[in-house]
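Open the model in your viewer and keep the selection panel at hand. The tour goes stop by stop.

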Amino acid sequence: MTRDGHEVAVRVRGLRKAFGAKTVLDGIDLEVRRGEFFALLGPSGTGKTTLLRLLAGLERPDAGTVLTAPRVTTVYQEPRLVVARRVLANVTLGLPRPTRGSSRGSSRDRGVRALAEVGLGGRERAWPATLSGGEAQRVALARALVRDPQVLLLDEPFAALDALTRLQAQDLVAELCARHRPAVVLVTHDVDEAVRLADRVAVLDGGAFVVDRAIELPRPRGASSAASDPAALEHRRELLARLGVSPPSGQAVVPSDQVAPPSDQVAPPSDRDDPPSDRADLPADRGVIA
Ligand SMILES: Nc1ncnc2c1ncn2[C@@H]1O[C@H](COP(=O)(O)OP(=O)(O)OP(=O)(O)O)[C@@H](O)[C@H]1O
Ligand SMILES: [Mg+2]
C-alpha cells in the first residue's frame, strides 16, 4: 500500500539493465498503483520493451529490484494468436483450472465473457485467419482480460491498426481498464494516445525517465475532446518537445487523429518476436508483491 492507501502493483527501485557493454536502463524507479494508467514514451531503442520484459519477469535486472503483483499479462503489437486454434481456445489457452468451489466459473465461461466484453460475442468458433487486424487484437485483449491481471503490460498494442480502428481500440482499452482496474504500463510512440489514455506519462531516454508527469484531464476522454482541450494540447506540445519533435515556429500542433498517417510515430515499431508472456518462466529471483 502507498501512504494514501492505494495498492501498489508495480514497484521498481534502482533498476539497471545492460546488454553487453550497452547499459539500457540505469537507475529506474517506478511505482504504479492498481487502477493507475502509466504510459511510457521514448525514442526507438531506449529500453521501453526491455522495461516491460523485466516487469513481466522475462529478463533479469543487473541491479535493483522489480516487484509486481502476482498476475501480470502482456499484450503485444501483434496479436500472436495460434492459427490452428479457434478464437475461444486462443483466449483460454493455458488458463489454470479454477479451483474447486471457485466462483469464477469454467475457463470456457470466462473466455466467452471476455470475448463479449471486447465486442466479439458470437465469434468464439471463428478461426484467427478470418479476423480483421482490429478483431484479432481484441482477441488478444480478451486473452489478457480472462487472466484477471493485476498488472497489464501493453507494448505498442495499437501500432499496427489503422487510425480509426486504433481510436476504437483505445476507447475499448480505456473502458476495460476503468472497469477492471489493473495497473497499466502502456508503451507507445503516439503522444496523443499517451495523453488520451494515461494518468501519468513518462519519457524514457538515456536509461532514465527524463519526464514523469501527471495527466489530470477529465474522463472519459473522447478523441475530439482530447484533441481540442488546451491542457491536453499543452501536454502534447511539451512531450513532443522532449522527444525532439517541435512544430515549426508559428505552426499549431495538429493531433494525430486529424492527419494520416499519424504524425507522432517518432520511430518505426519494433519487430522483435517475444513469446507470449504468462510468466511460466519467471526467474527465481523475481519479486512478487503479496
Ligand atoms: N536480448 C537482447 N540482447 C542484446 N541487446 C538487446 C536485447 N534486447 C534488447 N536489446 C537492445 O537494448 C536496446 C533497447 O531495446 P528495446 O527493445 O527495449 O527498445 P525499445 O525502446 O522498446 O525500442 P522500440 O521503440 O524500437 O521498440 C536496443 O539497443 C536493443 O538492441
Ligand atoms: Mg519496443
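Is arginine 242 buried, exposed or partly exposed? Select arginine 242 and count: 18 other C-beta atoms lie within 10 Å, so the residue is partly exposed. The cut-offs are these: 20 or more other C-beta atoms within 10 Å of its own make a residue buried, 12 or fewer make it exposed, and anything in between is partly exposed, with C-beta atoms placed from the backbone.

Before moving on, note that this is a predicted model, in which local features need pLDDT of at least 70, side-chain atom pairs count only at pLDDT 80 or more, and totals for chains, interfaces and linings use all residues. Residues are numbered from 1 along each chain as its sequence is written, while chains are lettered from A and ligands numbered from 1 in the order in which they are written.

**The whole protein**

Zoom out. The protein has eight helices and 10 strands. Both are DSSP runs numbered from the N terminus: helices are H or I with at least four residues, strands are E with at least two. Of its 290 residues, 41% count as buried. Now consider contacts, meaning C-beta atoms, placed from the backbone, within 7 Å. Among those with a separation of 6 or more, 72% join residues 24 or more positions apart.

**The sheet**

Next, select the six strands of the open sheet, in the order 5-6-7-3-8-9. Their pairing is mixed; two strands pair if DSSP finds at least two bridges between them. Strand 5 (72-75) and strand 9 are the edges, each pairing on one side only. From one strand to the next, the twist averages 20°. Angles run from 0 to 180 degrees between N-to-C directions, and axes are lines fitted to C-alpha atoms, for helices over the stretch in contact.

**Strands 8 and 9**

Select residues 200-205, which are strand 8. Six bridges join strand 8 to strand 9, and the two run antiparallel. Find arginine 200: alanine 214 in strand 9 stands opposite.

**Alanine 208**

Go to alanine 208, in strand 9 (residues 208-214). Alanine 208 has 16 C-beta neighbours inside 10 Å, so it counts as partly exposed. Which residues does alanine 208 contact, leaving aside neighbours within four places in sequence? They are Asp26, Gly27 and Ile28.

Finish in helix 8 (residues 230-242), where arginine 242 lies. Arginine 242 touches Val203, Val210 and Val211, not counting residues up to four places away in sequence. The C-alpha atoms of arginine 242 and valine 211 are separated by 7.8 Å, and the two residues are 31 apart along the chain.

Technical notes:
Contact = placed C-beta atoms within 7 Å.
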